[in-house]
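Work through the two exercises below with the structure in view. Each one has a task sentence and a solution in steps.

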Amino acid sequence: MTPTPAFILTVLLGLSALAYHVGRRRALAVVSGKVRDLHSLPSYYGAHAALWCALPALAVFLLWNIFEGTLITHVVLGGLPDAYQQKSPAELNLVINDIRNTVRGIVAGTPDPVITAAAERYRQWQSLGSFALVAVVAGLGGAGIGYAWRQIVPQFRARNRVERAMSAFLVTCSTVAIFTTIGIVLSVAFESMLFFTKVPVTDFLFGLDWSPQTAIRADQTGASGSFGMIPLFVGTLLVSLIAMIVAVPLGLLSALYLAEYAPPAVRTYGKPLLEVLAGIPTVVYGFFAALTVAPLIRSAGTALGLEVASESALAAGAVMGIMIIPFVSSLSDDVINAVPQAMRDGSYALGATKSETIKQVILPAALPGIVGSVLLAVSRAIGETMIVVMAAGLSANLTLNPLDSVTTVTVQIVTLLVGDQEFDSPKTLAAFALGLVLFTVTLALNIIALRVVRKYREQYE
Amino acid sequence: MNTAIAQQRAIHQEPVMAAHPQDLAFNATEPAPEGHRTVGLVTVDNPKMSARDVNVHYGDKHAIKHVTIDIGTNEVIAFIGPSGCGKSTFLRCLNRMNDTIDGCRVSGEITLDGHDIYARDLDVVQLRARVGMVFQKPNPFPKSIFDNVAYGPRIHGMVSSKSELEDLVQWALEKAGLWNEVKDRLHQPGTGLSGGQQQRLCIARAISVSPEVILMDEPCSALDPIATAKIEELIDELRANFSIVIVTHSMQQAARVSQRTAYFHLGDLIEVGETEQIFTNPVHKLTEGYITGRFG
Amino acid sequence: MNTAIAQQRAIHQEPVMAAHPQDLAFNATEPAPEGHRTVGLVTVDNPKMSARDVNVHYGDKHAIKHVTIDIGTNEVIAFIGPSGCGKSTFLRCLNRMNDTIDGCRVSGEITLDGHDIYARDLDVVQLRARVGMVFQKPNPFPKSIFDNVAYGPRIHGMVSSKSELEDLVQWALEKAGLWNEVKDRLHQPGTGLSGGQQQRLCIARAISVSPEVILMDEPCSALDPIATAKIEELIDELRANFSIVIVTHSMQQAARVSQRTAYFHLGDLIEVGETEQIFTNPVHKLTEGYITGRFG
Amino acid sequence: QGARDTISIVGSSTVYPFTTTVAETFGKGSGFKTPKVESTGTGGGMKLFCAGVGVQHPDITNASRRIKPSELDDCRKNGVADIIEIKVGYDGIVVANSKKAPTYQLTRKDLWLALAKEVPDPKGGDKLVANPYKSWKEIDPALPDNKIEVLGPPPTSGTRDSFVELVMDVGCKDFPAMKALEAADAKRHKAACQTLREDGAFIEAGENDNLIVQKLEANPGALGIFGYSFLEENLDKVHGSLVDGHSPTFEEVADGKYPIARELFIYVKKAHIGVIPGIKEFIAEYTSEKAMGKDGYLADKGLIPLPDAMLKAVQADVKAGKVLTGL
Amino acid sequence: MNKPTTTARGVYTIPEERRIGGKAHLALVTRRNAAERRFRAYGIAALGLSLLFLVTLFVTIIGNGASAFRQTYVKLDVNFAADVLDPDGKRDPATLGSANYLTLVRNTLRSQLPDTEGRAALREAQGLISSAANYQLREMVLADPLLVGQTRPVWVLASALVDATLKGGIDRNLPESDRKISDRQLGWLDKLAAEGRIERRFNSVLFTAGDSREPEQAGIWGAVMGSFYTMVVTLALSFPIGVAAAIYLEEFAPRNRWTDLIEVNINNLAAVPSIVYGLLGLAVFINWFGLPRSAPLVGGLVLTLMTLPVIIIASRAALTSVPPSIREAALGMGASKMQTVTHHVLPLALPGMLTGAIIGMSRALGETAPLLMIGMVAFIVDVPTGFTSHATVLPVQIYLWADSPERAFVERTSAAILVLLGFMVAMNALAVILRKRFERRW
Ligand SMILES: Nc1ncnc2c1ncn2[C@@H]1O[C@H](COP(=O)(O)OP(=O)(O)OP(=O)(O)O)[C@@H](O)[C@H]1O
Ligand SMILES: Nc1ncnc2c1ncn2[C@@H]1O[C@H](COP(=O)(O)OP(=O)(O)OP(=O)(O)O)[C@@H](O)[C@H]1O
Ligand SMILES: [Mg+2]
Ligand SMILES: [Mg+2]
Ligand SMILES: O=P([O-])([O-])[O-]
């Protein structure tokens with residue numbers, strides 16, 4: 001039986017538990033039980049030992065798992081006859097697949113003796129590797145324990161070490177966001193550059209016409225292939241604005257009601273119920289918007305003598321607003337609830353009504369959190385696709401009339417990316433450029449928002 | 001001592017016993033079924049507020065037991081008693097601030113100008129506008145110093161112009177003895193003040209709306225003697241128009257500012273009387289023990 | 001007055017002037033370029049902590065100006081001064097609690113047993129374990145009463161068994177004079193206590209880890225005389241092993257518990273001296289003004 | 001990267017229902033694992049397919065149009081030299097409306113006039129003017145007096161592409177004005193023929209054809225453009241307009257009479273045959289009579305089958321492993 | 001009453017009527033009380049309206065989807081004819097397995113129903129029965145070879161067409177040309193019904209099977225498991241990372257340009273369209289790290305990146321709202337910053353963090369677009385068994401079904417949505433309970 005990764009991890013876990021125990025005991029032993037003489041609590045010495053036991057071994061384990069395939073493959077391929085050695089990398093890749101499939105007992109086509117033999121070798125190396133890994137992991141773990149054990153003296157700052165490890169973890173986690181950003185920029189930058197070689201940047205940034213109807217085949221003519229992003233951004237703005245007009249009052253008022261007025265039972269169930277709104281798949285909202293709300297608006301509009309398109313920004317925006325209610329309501333409810341009771345008491349004692357207290361004391365105190373939740377809701381609105389596709393259509397009208405059909409940046413990105421396309425045509429590349437510009441625009445907006453929030457914070461903290 | 005008030009109370013000069021209102025009415029001498037019988041000047045002639053058989057429970061804890069007491073018009077009454085005896089709790093009953101505490105139940109009757117403040121149709125917002133409060137722990141709003149004081153007048157529409165508001169804020173801050181220290185930083189946050197400054201800010205905030213009754217829970221605990229003197233002066237001045245209840249641990253202070261003093265002990269109101277009498281000649285031995293620095 | 005300490009300080013009997021440390025060393029008589037020169041017993045022979053030319057700024061506000069002072073071993077030193085003069089601020093410098101305030105900058109040198117507490121390699125956690133603090137506004141954790149007191153011993157590994165912990169908690173609560181009131185409700189939240197009870201809880205919490213220096217910011221402000229006496233007794237008892245800094249507005253209290261007293265005024269340390277001397281015969285006229293109940 | 005023993009298929013969402021049907025039948029009937037079929041769109045599928053040979057690249061791609069030369073070049077460049085092209089059938093594109101309204105009898109010329117961005121001036125002359133038609137009646141007095149409102153696929157869709165080719169290009173032929181333009185400026189002519197209106201008469205709806213059907217139901221005045229299978233499933237709600245005298249029925253499309261039908265393909269990477277288990281068997285199943293034939297199960301799913309002779313040819317080519325040599 | 005007070009600015013007094021109890025004040029009180037009632041009414045209305053939308057959506061979904069939980073079965077007397085199944089009589093499992101069960105079904109239909117002469121009629125008859133019947137009969141024979149040669153009544157799945165007709169999804173009164181089911185088929189159905197050969201049962205297939213092109217055989221179990229694995233990855237990564245990042249930024253990080261940058265970045269990431277995360281996942285996890293396509297692992301990673309901003313932002317808001325006095329108390333006791341955070345701040349901030357997790361996960365659970373790029377919008381029949389098996393997720397299943405021409409998928413789409421919501425409620429229930437436990441006001 002070759003040891004499975006799960007088995008190795010379990011062993012490592014057991015070892016770390018042991019390390020914790022040993023470290024703790026050792027710490028107690030060096031001060032003969034007088035914990036006060038230790039720099040840190042015994043459990044920190046335990047944790048320190050456990051870290052030393054687990055981290056190096058884990059690193060080796062991960063490295064092995066990443067490179068195992070490559071290593072073994074390299075060895076096995078080296079043993080193949082010359083005819084195989086000459087194959088192109090792509091073909092070799094297939095040979096490897098064949099070998100691996102054979103290892104797993106799956107044979108495509110007629111079994112080839114060379115492959116079968118290679119598979120046998122592959123199997124051997126694999127099990128050898130696994131056993132070696134167990135040995136190395138156990139050895140490293142043990143060495144780690146030993147090292148940590150030797151370090152334990154009363155003055156040893158185990159807490160600081162463990163906390164430094166924890167801080168390192170915290171810092172690492174906070175950089176995930178940076179790497180994500182870099183990743184996103186990198187994954188759209190190349191194509192965007194390509195796009196800008198085909199479509200001038202100024203045309204893209206300031207063009208008032210969006211109609212990516214370039215030719216699909218060489219024998220077609222690009223119809224009015226124009227790539228002006230302004231209508232898309234205006235559409236995004238319009239739809240998001242409508243969504244926020246729905247979501248912010250509904251969400252904020254709900255949150256205030258739940259946090260300040262509602263009997264506990266209502267609050268207990270009301271809040272999670274609202275949160276369900278955030279989890280309903282957007283397809284459902286899309287159908288709701290397109291088949292229920294849009295016709296409703298249309299008939300209402302017609303009754304009023306208004307010209308209403310069958311797909312309207314209003315329908316999409318309103319339904320999107322409903323979807324993002326919980327972003328505002330739940331997060332705001334939490335921050336409102338966290339305002340200390342003494343603040344409320346101070347206001348009530350002056351003869352303020354609940355609503356006055358809410359508006360003038362609680363809201364300002366909770367403002368940073370509420371702004372955060374609203375920003376999040378805006379973000380969600382900007383990023384939403386399905387509802388707009390289904391209810392607002394795809395026509396890039398440059399309009400601020402909510403009864404007209406519009407389209408948004410996100411929708412265009414999605415349709416361009418998933419539609420039929422030629423990957424180096426400006427049509428497809430436009431999706432990347434749109435992504436990049438959207439990213440930049442929201443970045444600018446966020447910087448402004450941060451400044452504004454800061455200003456308020458300075459005033460109220 | 002204010003002689004007018006002393007005269008008003010002449011008919012009550014003899015200490016009376018009171019526990020339940022019915023006891024008062026029917027047989028004042030029979031022991032109450034439970035709870036302590038309060039000794040002394042429980043009632044006054046022209047009460048601004050009166051409490052009858054008030055009980056407060058925090059969950060199971062019986063924090064205030066059958067308390068009956070009047071708060072006179074234009075009088076300063078001091079509540080004294082060991083820490084944890086229920087002074088703050090009782091104070092909070094008087095403007096229904098206890099409503100905001102989960103699990104706190106109040107029974108009995110409390111009236112303001114003869115109207116039951118626990119009546120169903122009573123507007124508690126108005127009640128609190130009329131019965132103001134300074135809390136034990138200073139709790140300035142996370143707003144600027146100016147806005148902290150201006151808050152009350154604004155919501156009650158007491159001022160019609162900005163300059164009027166500024167005058168009012170200045171007046172309140174001056175009365176609380178804080179003006180000089182903050183006049184240059186009116187628009188900085190009230191939470192950035194020192195402990196004693198915050199306490200005075202809260203006093204300024206409370207008097208800014210000129211409530212009819214002011215409940216002060218240890219208003220001078222964080223103040224130096226000079227600031228304390230200033231506040232005491234303020235209290236004396238306010239008494240001309242308002243009624244004031246002050247919780248204090250300093251018997252000297254009680255003696256300086258109050259006309260009557262009430263002594264609480266473990267949730268019981270033990271004794272009420274003219275301040276001078278309480279401090280010089282307490283009737284109940286628990287009171288005496290407290291006054292003289294040891295427990296009964 | 002503790003005679004041993006009085007003797008220790010014999011050589012400093014004559015009031016000295018001190019502002020900047022360099023002034024102390026070179027020409028103690030020349031006026032400091034800015035800030036006030038402190039009068040009196042600024043330094044002691046065997047200081048536990050010493051501050052040299054400490055300045056604190058909150059943003060633009062210069063809250064503590066060139067303060068130089070020693071805190072003696074086994075001494076109780078009282079900080080007095082009008083509200084807002086910087087007592088709390090200076091106190092918070094002594095265990096670096098000011099680090100947590102945005103925009104607060106501290107300069108100068110403060111040492112504990114001769115080691116600079118603002119040194120780069122100093123472990124501020126250890127510092128705070130050694131220099132405990134009772135805050136001006138009681139701030140119990142939103143945990144049970146027991147856990148509030150047990151927190152310190154737990155994180156510092158001071159107890160090895162549950163029963164030991166229980167004993168320690170009981171000891172601390174008893175010393176703070178709270179045990180009787182809370183022994184039946186140890187597992188109820190500490191935030192549900194009365195103001196004075198919370199204050200004593202915080203004292204119990206602070207002494208539970210037996211810090212070498214205890215900084216107490218108006219520890220008795222919400223306490224009745226008996227509880228106050230209890231705490232003063234505690235302070236006196238603790239002095240045998242620890243150093244204590246107490247901020248108080250009650251000069252009586254300062255006189256009762258402290259050996260030395262420091263008078264602050266608008267961020268300046270005006271005068272330090274033996275308590276008796278400060279209260280009976282202050283050197284500086286600002287001090288005198290404060291002691292006698294009026295400002296200089 | 002682990003080993004792969006499942007066939008990986010990507011590509012067109014139009015072909016997706018058919019390929020998945022085959023995949024499922026194949027998975028249940030043969031000993032092989034059920035192939036994984038992704039719906040990525042034709043172009044997206046091509047991109048993945050042509051990215052290279054090897055397990056991390058798909059084996060088969062669906063296409064609702066023929067591979068483009070540029071895509072073929074890309075394939076070759078990445079070492080995907082041998083590609084087997086299999087034409088699997090036809091997809092009818094229908095122009096339908098709600099049953100609550102009468103059936104339209106349209107010609108491609110009508111459609112062009114209704115949907116082109118620019119049309120010859122109705123008042124005469126060779127000039128092209130922005131499309132002035134508001135109602136169908138203005139185009140042909142026989143048509144109902146309904147506002148022109150057509151829900152159709154977005155420009156990123158293969159269906160739209162085919163619609164342009166099969167309807168618009170043809171519809172614009174017979175106008176003298178257009179002829180003149182063609183002679184003068186071929187490029188401009190093409191653009192004029194192919195550009196759809198952007199003034200709201202043509203509404204770009206998403207690619208969800210069910211949604212279009214439901215929108216038609218809610219808005220009886222509108223026409224919608226979508227795939228034949230959706231018409232077949234929703235005969236109780238919508239009916240297809242006649243185009244050039246032919247109604248979009250299974251028979252008429254199969255016979256090639258109904259003019260708007262496009263070819264559907266799958267492309268197979270030859271290098272993967274024999275390496276990824278089951279590819280050979282899978283395409284055999286796909287091209288078998290019981291799948292692709294007249295009465296095959298794909299016909300039940302709405303695929304318009306190839307004429308018999310063509311099916312035979314396809315089957316023979318597949319058997320011989322004939323690869324695509326050029327376009 | 002009030003003596004005018006002299007201030008530095010001049011004489012100040014509150015006019016009688018504006019003081020508490022004064023005329024102007026009383027008038028204002030009426031207005032303020034009205035404002036109070038209004039505000040409260042707004043709150044109730046907002047909550048009510050929001051919940052009304054929820055109810056509407058639910059009612060619609062349940063209305064559409066409830067019927068999918070039941071499924072029609074038809075009883076056929078099947079003759080397991082030996083000449084069809086086992087011509088050489090050896091009962092060899094291989095022969096039995098590869099026999100033509102379609103013929104068996106056809107023969108059965110022919111014997112059971114009138115007018116089944118001719119290919120067209122037979123095809124129509126076959127249209128009543130799901131193709132699953134073939135596989136069902138094969139399973140029966142393989143399990144019990146003795147069946148060969150016998151005739152047995154067998155309940156088989158009806159086709160989606162029959163199911164829809166019997167549930168009223170297809171209107172029998174329409175002219176024949178306007179409905180998929182023919183008059184002849186209706187006649188057969190009526191006959192079978194009259195003979196008691198038609199029954200509606202709980203649709204267990206829906207909950208146990210993977211995807212299928214045939215609506216009556218299609219199930220969501222594959223998608224449920226796919227969602228489960230994906231969510232496990234997402235939750236296991238995004239919650240700890242998000243909380244850790246928030247803690248670092250809020251409690252430890254110095255306030256400088258670098259942390260400002262991170263903060264703006266995080267807010268910005270929340271606005272990145274989800275499909276762009278798909279692009280990122282494709283580029284990084286699949287093309288660079290070489291992780292497999294269509295795997296819950298990659299899906300989970302992509303959704304983690306997408307969810308992180310939400311969790312971080314919510315967690316930061318929760319951390320900010322913990323009063324500083326609590327931190328001071330702990331620090332003053334000699335607790336390290338890390339201890340202060342873990343012992344005091346974190347428990348108090350947890351409800352808010354959980355809210356972030358709930359909302360972030362809800363969003364991740366309903367997301368389709370980013371999965372498109374990494375191959376999870378796919379037809380996958382086999383139920384996934386691990387983090388790297390091919391899988392799809394519930395919202396994708398819903399999306400694909402909603403896009404299917406077959407009418408019978410409409411009700412299944414709604415049913416799948418219901419299951420998704422159930423999934424979500426289950427996932428959130430725990431968080432809600434936790435949140436309730438940790439929530440307090442101080
Ligand atoms: N966070 C802060 N930001 C700005 N200014 C502050 C802050 N905290 C205190 N101050 C100011 O610094 C000065 C000294 O404050 P400190 O709290 O030290 O006074 P104190 O002597 O303790 O007064 P008290 O007896 O009222 O508590 C005061 O003027 C106060 O307003
Ligand atoms: N929210 C609460 N929940 C439970 N018990 C409480 C609560 N608030 C106060 N108590 C208890 O009720 C009793 C009375 O408390 P109260 O605050 O009225 O005391 P106090 O007289 O104001 O004391 P202090 O002088 O210390 O402020 C105390 O025993 C206290 O512990
Ligand atoms: Mg109190
Ligand atoms: Mg202070
Ligand atoms: O998905 P399509 O390429 O067929 O539109």
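The exercises concern a predicted model, and they cover a surface patch and a ligand site.

**Exercise 1. The nonpolar patch**

Task: Find which residues form the nonpolar patch on the surface, and which helix gives the most to the patch.

Solution:
1. The patch is formed by Leu9(A), Leu55(A), Leu58(A), Leu62(A), Leu63(A), Ile66(A), Phe67(A) and Leu71(A). Together they have about 740 Å² of accessible area.
2. The largest contribution, 7 residues, comes from helix α2 of chain A, which spans residues 42-78.
3. Take Leu63(A), which sits in helix α2 of chain A. Its relative accessible area is 47%. Exposed requires over 50% and buried under 20%, so Leu63(A) counts as partly exposed.

**Exercise 2. The site of ligand 5**

Task: Determine which residues surround ligand 5, and why the site is shared between chains.

Solution:
1. List the surrounding residues: Asp420(A), Ser12(D), Ser13(D), Thr14(D), Gly41(D), Thr42(D), Ser64(D) and Gly158(D).
2. Read the chain letters. The residues around ligand 5 come from chains A and D, so the site is shared between chains.
3. Sort the shell by class: 7 residues are polar, 1 is charged and none is nonpolar.
4. Look at the side-chain distances to oxygen atoms of ligand 5. For a polar side-chain atom of Ser13(D) the distance is 2.5 Å. An N or O atom in the side chain of Thr14(D) also lies 2.5 Å from a ligand 5 oxygen. For Ser64(D), a polar side-chain atom is 2.8 Å away from an oxygen of ligand 5.
5. Finish with the area. Ligand 5 taken alone exposes 200 Å², and the protein buries 98% of that.

Methods: Residues are numbered from 1 along each chain as its sequence is written. Chains are lettered from A and ligands numbered from 1 in the order in which they are written. This is a predicted model: local features need pLDDT of at least 70, side-chain atom pairs count only at pLDDT 80 or more; totals for chains, interfaces and linings use all residues. Side-chain values use heavy atoms; hydrogens and water are left out. Patches are made of residues with over 30% relative accessible area and no salt bridge: like charges are joined within 9 Å, nonpolar side chains (Val, Leu, Ile, Met, Phe, Trp, Tyr) within 5 Å. Accessible areas come from the Shrake-Rupley method with a 1.4 Å probe; for residues, only the protein chains shown count as cover. A salt bridge is a side-chain nitrogen of Lys or Arg within 4 Å of a carboxyl oxygen of Asp or Glu. Helices (H or I, at least four residues) and strands (E, at least two) are DSSP runs, numbered from the N terminus. Buried means under 20% relative accessible area, exposed over 50%, partly exposed in between (1.4 Å probe, protein chains only). A residue is near a molecule or strand if one of its heavy atoms lies within 4 Å of it. A polar contact is a pair of N or O atoms within 3.5 Å; within protein, one must be able to donate a hydrogen and the other to accept it, and residues adjacent in sequence count only if both atoms are side-chain atoms. Ala, Val, Leu, Ile, Met, Phe, Trp, Tyr, Cys and Pro count as nonpolar, Asp, Glu, Lys and Arg as charged, and the others, Gly among them, as polar.
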